[in-house]
Amino acid sequence: MAIKLTVNNQPQELDVDPEMPLLWAIRDHLKLTGTKFGCGMALCGACTVHIDGQPTRSCVTPVSAVAGKKVTTIEGLSGEAGKAVQTAWVGLDVPQCGYCQSGQIMSASALLAANSRPTDADIDAAMSGNICRCATYARIRAAIHKAAETLPAKS
Amino acid sequence: MHLPNIEDSLASWPPLARLVSNVSRRDFLKFTTIAGSGLTLGVVIPTVAKNGALTVLGVEGTPGDYSTPFVRIDTDNTVTVICKHVEAGQGVWTGLPAVVAEELDASWDQMRAESSPAQVPTYGNFAFGPKGNVQGTGGSTSMANSWDQLRHAGAYARAMLVQAASNRWKVPASEITVSEGVVSHGSGKKAAFGELAGAAGKLPIPKDVKLKDPSQFKLIGSEKRLPRLDSHSKSTGTQTFAIDVMLPDMMTAMVLRPPLFGAKMRSIDATAARAVPGVVDVVQIPRGVAVVARDTWSAKRGREALKVSWDESGAEKRGTDALFKEYRQMSGGAEAVKVDKRGDAEGALSKAAKVLDFEFEFPYLAHAPMEPLTAAARLSPGKCEIWAGCQFHTVDQANAALAAGLKPEQVTIYTLAAGGTFGRRATPESDYIVEAVSIAKATGGRYPVKLIWTREDDITGGRYRPATYHHVKAGLSQDGKLVAIKQDVVNQSIVAGTAFAGMIKDGVDPTAVEGGATEQYEIENAHVTWAQAKVGVPILWWRSVGHTHTAFVKEVVTDELAAAAGKDPVAFRLSLLEKHPRSAAVLKLAAEKAGWDEPFVSGKTANGSFRGRGVAVHESFGSVVAHIVEVTVTDGSVKVDRVVTAVDCGIAVTPDVVRAQMQSGIGYGLSAALYGKISLTDGKVDQTNFHQYRVLRINEMPRVIEIHIVPSTNPPSGVGEPGTPPIAPAVANAIRAATGIKLRKLPFDLAAAKAMKT
């Protein structure tokens with residue numbers, strides 16, 4: 001039976017193996033390839049999407065677990081925090097190979113949506129699940145701080 | 001460049017010889033137009049003059065032939081630079097357009113980058129050989145190899161736009177100026193490139209052009225950052241990597257490979273695999289068994305359901321502990337060949353006032369790029385198309401042709417952005433590309449096939465940085481001078497038994513030993529040997545290749561010699577660098593910026609942790625990098641607090657990209673220093689994914705990295721790799737300064753530091 005969910009504000013029905021990780025359903029069946037495969041074990045964060053606003057590793061999340069939920073991928077990233085993060089990413093030229101950056105941006109935007117004034121420790125906690133083999137980490141940290149500056153402080 | 005002539009090595013490799021002989025040689029500069037669409041500045045085939053400089057031979061034009069350009073100026077006013085090097089994060093899609101934009105006096109906003117086709121000699125890498133017969137990206141050569149060629153391309157384009165304006169406005173060309181993408185004349189006449197491109201493309205070719213004097217550069221070397229041309233696509237999920245390729249009717253494939261290196265398939269039962277929904281084919285290919293399915297998940301499920309029995313009789317079954325035991329025995333033994341011999345090392349050591357003895361072990365390392373190996377292949381009669389983050393175009397083209405049963409020129413490669421490579425996508429046998437083509441062939445070309453490696457395939461799949469053993473004896477004179485070094489290296493040869501075997505000179509694989517102390521320091525008496533280990537574990541160049549271990553040995557040995565001589569580590573190095581002024585200048589700059597001469601208290605702090613500072617300097621790929629690091633060792637783990645880097649890479653075309661590459665090289669090297677290790681037990685790889693093959697994460701990245709670029713007017717040299725070699729020894733030296741622990745194995749084992757806590 002098809003699984004119903006919302007992806008980037010569009011209702012979708014996925015007639016796939018319910019155990020199929022959301023990652024492959026998004027990529028192979030919805031043709032949204034901005035979300036990347038890196039490890040398949042929730043170790044690297046390249047596949048990070050938002051499920052009902054929460055950053056989630058789509059490579060270990062079965063499609064059946066997201067029935068009725070709202071999924072946001074890099075293609076559908078919007079809202080103040082998401083835009084601020086993307087602007088800062090481009091402004092500081094964070095990406096090198098770029099492959100992990102969708103996941104980095106999804107993690108960073110979820111962090112800023114919840115905490116618009118993150119400390120370095122907050123950034124470590126939110127971002128240490130996302131690996132970058134080009135080691136763009138210094139710029140990722142700087143870009144998160146820069147994005148935060150453009151967001152109103154939350155009380 | 002100190003690269004061996006790869007081209008000569010490959011010349012006798014049958015698949016390549018065939019490819020080259022089938023390519024028409026066009027040793028000329030070609031300017032052509034695409035009908036109605038603008039100016040296309042075509043083939044610039046430089047040859048290497050006797051002094052090693054690149055020069056353009058001449059000019060030839062065939063209107064309408066748009067086959068192999070370097071620069072394209074379209075009527076929409078965009079300037080596209082066709083890049084023959086893969087963009088794998090190192091910034092070629094920004095650096096190469098910057099070179100053209102400078103000579104063209106273009107506006108940065110109008111610049112675009114795209115990948116060139118796989119085609120030699122047009123897009124050959126002149127760092128690999130003077131004929132341009134090998135196209136590829138490696139040895140940190142992209143900028144060095146393109147520099148002269150693209151400057152000329154930009155300058156010719158500018159001259160032709162100016163001539164077109166001169167003709168249109170009926171004013172002398174000498175009165176026309178070009179700035180920020182606008183061609184103008186004192187009379188007030190102005191035109192954008194796009195307005196002139198069509199007319200410019202129909203003009204005869206200027207005989208020669210004058211390149212700018214570096215003092216005239218506006219974009220090159222400017223600290224006013226040129227935004228990367230790929231930042232937007234890579235920040236919005238819109239950059240296409242090979243794994244993202246979607247072709248009509250395409251299937252996805254995974255390959256089950258032997259569980260041990262060298263094992264062969266005995267029998268296969270694919271019944272259960274074929275029964276997995278979505279699986280459409282199971283085929284045997286030379287490298288394993290491929291499961292072809294409608295989507296990735298089905299391919300993975302199908303592969304898990306395969307029942308294969310393997311013949312392991314010819315497989316490599318040694319573990320890494322056993323290998324290192326053998327390496328120790330082989331070291332300096334009967335099989336060892338001379339790498340370097342000068343003076344009388346043995347005699348000088350016997351007379352030395354002090355002799356220090358070192359043994360070092362370096363593990364196998366996986367490259368682990370974030371995008372696992374992926375390629376798509378489509379076969380049609382007489383044609384093979386490949387989509388990949390291709391790093392070794394000519395070799396891949398030839399290998400793919402063999403696999404497809406076609407001629408190399410019938411293989412088209414579409415080079416996409418690579419999700420990292422660090423050397424992994426440049427393999428002599430084109431493993432992942434050949435797999436994709438083999439599957440397409442075995443399935444009769446019925447559909448395009450996208451091959452995906454999982455992370456487990458990547459970590460366990462071989463092609464590692466070779467495990468390496470070094471034994472060093474170094475002697476000091478009474479007055480604390482280095483008088484002799486005896487160094488014995490043991491590891492596998494990356495090139496032996498491959499098409500690159502011609503790189504072996506006098507029995508020595510240069511990639512196994514490059515970057516040793518005798519190359520980089522003045523040492524009167526030296527004897528260096530290399531023994532080639534024969535092991536069935538496939539190996540490969542890994543970001544900075546031989547320098548990954550030789551730099552560590554050189555810089556840790558030198559540091560301990562300085563300590564034994566009672567000398568300052570920087571001053572001791574400078575005394576060995578009298579004939580290496582570039583290295584000395586880089587080291588001095590790093591020391592000055594790091595405040596090396598200011599007081600720094602090493603050792604135990606009030607809160608029980610240990611603080612230390614360390615230095616290392618190393619030359620590789622034509623550039624010199626020095627790192628000075630400060631570390632804190634707490635409870636048996638090390639944190640790198642600060643890195644001060646100095647780099648001489650010739651002209652830094654895009655300084656921000658140079659800084660990014662230094663940061664990247666530091667992070668990549670720290671992964672290896674702190675965690676990186678592939679080990680084998682009875683021939684089987686122990687690690688499978690990032691939980692066991694640990695890599696650096698954001699909380700472990702040094703919080704302060706300061707990068708200082710040495711001003712230079714020399715042509716650009718490498719930046720992708722040179723930042724990596726000196727970071728691990730700098731950190732090791734800092735840890736020794738902090739704790740006294742002498743690290744001899746990578747990754748660092750700080751158990752002793754934990755014990756010191758009490």
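This is a predicted model: local features need pLDDT of at least 70, side-chain atom pairs count only at pLDDT 80 or more; totals for chains, interfaces and linings use all residues.

Author: Start with α19(B) and α20(B), which are oblique to each other. Residues count from 1 along each chain as its sequence is written, while chains are lettered from A and ligands numbered from 1 in written order. Helices (H or I, at least four residues) and strands (E, at least two) are DSSP runs, numbered from the N terminus.

Now the numbers for the pair. Helix α19 of chain B spans residues 655-674. It packs against α20(B) at an angle of about 60 degrees, and the axes are 8 Å apart. Axes are lines fitted to C-alpha atoms, for helices over the stretch in contact, and angles run from 0 to 180 degrees between N-to-C directions.

Who touches whom? From α19(B) come B:G665, B:I666, B:G669, B:L670, B:A672 and B:A673. From α20(B) come B:I727, B:A728 and B:V731. Two residues are in contact if their C-beta atoms, placed from the backbone, lie within 7 Å. By class, this contact has seven nonpolar, two polar and no charged residues. Ala, Val, Leu, Ile, Met, Phe, Trp, Tyr, Cys and Pro count as nonpolar, Asp, Glu, Lys and Arg as charged, and the others, Gly among them, as polar.

Next, follow α20(B) to another helix. In α17 of chain B, residues 569-576, the buried residues are B:P569, B:V570, B:F572, B:R573 and B:L576. They sit on the same side of α17(B), because they cover an arc of only 160 degrees around the axis. Buried means 20 or more other C-beta atoms within 10 Å; exposed means 12 or fewer, and partly exposed lies in between. The buried residues of α17(B) pack against α20 (727-739), α16 (547-565), α18 (581-594), β23 (482-491) and β26 (610-620) of chain B.

Strand β23 leads on to a loop. B:K481 lies between β22 (468-476) and β23 of chain B. With 17 C-beta neighbours inside 10 Å, B:K481 counts as partly exposed.

Compare another loop residue, B:Q239, between α6 (231-235) and β11 (251-256) of chain B. B:Q239 counts as buried, with 24 C-beta neighbours inside 10 Å. Leaving aside neighbours within four places in sequence, B:Q239 contacts B:D230, B:S233, B:K234 and B:A417, and also A:G98.

The contact between the chains takes 43 residues from chain A and 48 residues from chain B. On the chain A side, α1 (22-29), α2 (79-91), α3, α4 and α5 (137-149) each supply at least two residues. The largest share, four residues, comes from α5(A). The chain A side divides into 24 nonpolar, 11 polar and eight charged residues.

The axes of α2(A) and α5(A) are 8 Å apart, at an angle of about 130 degrees. That makes α2(A) oblique to α5(A). A:A84, A:V85, A:A88, A:W89 and A:G91 of α2(A) meet A:A143, A:K146 and A:A147 of α5(A). Those residues are six nonpolar, one polar and one charged.

Then there are α3 (101-114) and α4 (120-127) of chain A, whose axes come within 10 Å and cross at roughly 135 degrees. The crossing of α3(A) past α4(A) is right-handed. Here A:S107, A:A108 and A:L111 in α3(A) meet A:D122, A:A126 and A:M127 in α4(A).

Finish with α1(A). Seven of its eight residues are buried, so α1(A) is largely enclosed by the rest of the structure. Its cover includes β1 (3-7), β2 (10-14) and β5 (70-72) of chain A, together with α8 (296-304) of chain B.

Notes
A crossing is left-handed if the near helix is turned anticlockwise from the far one by less than a right angle, and right-handed if clockwise. The arc is that of the directions from the helix axis to the C-beta atoms. Angles under 35 degrees count as roughly parallel, over 145 as roughly antiparallel, 65 to 115 as roughly perpendicular and the rest as oblique.
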